[in-house]
Amino acid sequence: MEPTEDSNNYKYGVFYYNKDDSRIIVPKRIKYMGWTVNFAHPLSYLIIAGILAVVIVAWIVAPQK
């Protein structure tokens, strides 16, 4: 069984958290739903922070009407 399919590797049933999985980005339990990050990997928090930074900068820079 794929580690992402094991419900024991999810916190609150939503956040994938598996210290034994070295991947940062993993497929979701239902494959066609996309990808998620492994929150047990330290770089995942940098990825989330980077995405949030891009969104915040885009919101600040966007012209206001």
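Reader: Which residues is Thr 36 in contact with, leaving aside its neighbours within four places in sequence?
Author: Thr 36 is in contact with Tyr 16, Ile 24, Ile 25, Val 26 and Lys 28, where contact means heavy atoms within 4.5 Å. This is a predicted model, where local features need pLDDT of at least 70, side-chain atom pairs count only at pLDDT 80 or more, and totals for chains, interfaces and linings use all residues. Residues are numbered from 1 along each chain as its sequence is written, and side-chain values use heavy atoms, with hydrogens and water left out.

Reader: Where is the place of Thr 36?
Author: Thr 36 is in strand β4, residues 35-37. Strands (E, at least two residues) and helices (H or I, at least four) are DSSP runs, numbered from the N terminus.

Reader: Is Thr 36 buried or exposed?
Author: Thr 36 is buried, because its relative accessible area is 16%. Buried means under 20% relative accessible area, exposed over 50%, and partly exposed in between, with a 1.4 Å probe and protein chains only.

Reader: OK, Tyr 16 was in that list. What aromatic pair does Tyr 16 form?
Author: By the ring rule the count comes to 3 aromatic pairs. Tyr 16 pairs edge-to-face with Tyr 10, at 5.4 Å centre to centre and 65° between the planes. Rings of Phe, Tyr and Trp (its six-membered ring) pair if their centres lie within 6.5 Å; planes under 30 degrees apart count as stacked, over 60 as edge-to-face and the rest as tilted.

Reader: And are those two buried or exposed?
Author: Tyr 10 is buried at 11% relative accessible area, and Tyr 16 is buried at 0%.

Reader: What sits over the ring of Tyr 10?
Author: The charged end of Arg 29, 3.9 Å from the ring centre. A charge sits over a ring if NZ of Lys or CZ of Arg is within 6 Å of the ring centre and within 35 degrees of the ring normal. Lys 11 has its charged end over the ring of Tyr 17, 5.0 Å from the centre.

Reader: Which residues form an aromatic cluster?
Author: Phe 15, Phe 39 and Tyr 45 form one.

Reader: New topic. What is Ile 48 in contact with, beyond its neighbours within four places in sequence?
Author: Val 37 and Phe 39. Ile 48 is in helix α1, residues 43-61, and is 11 residues along the chain from Val 37, with 8.7 Å between their C-alpha atoms. With a relative accessible area of 32%, Ile 48 is partly exposed.
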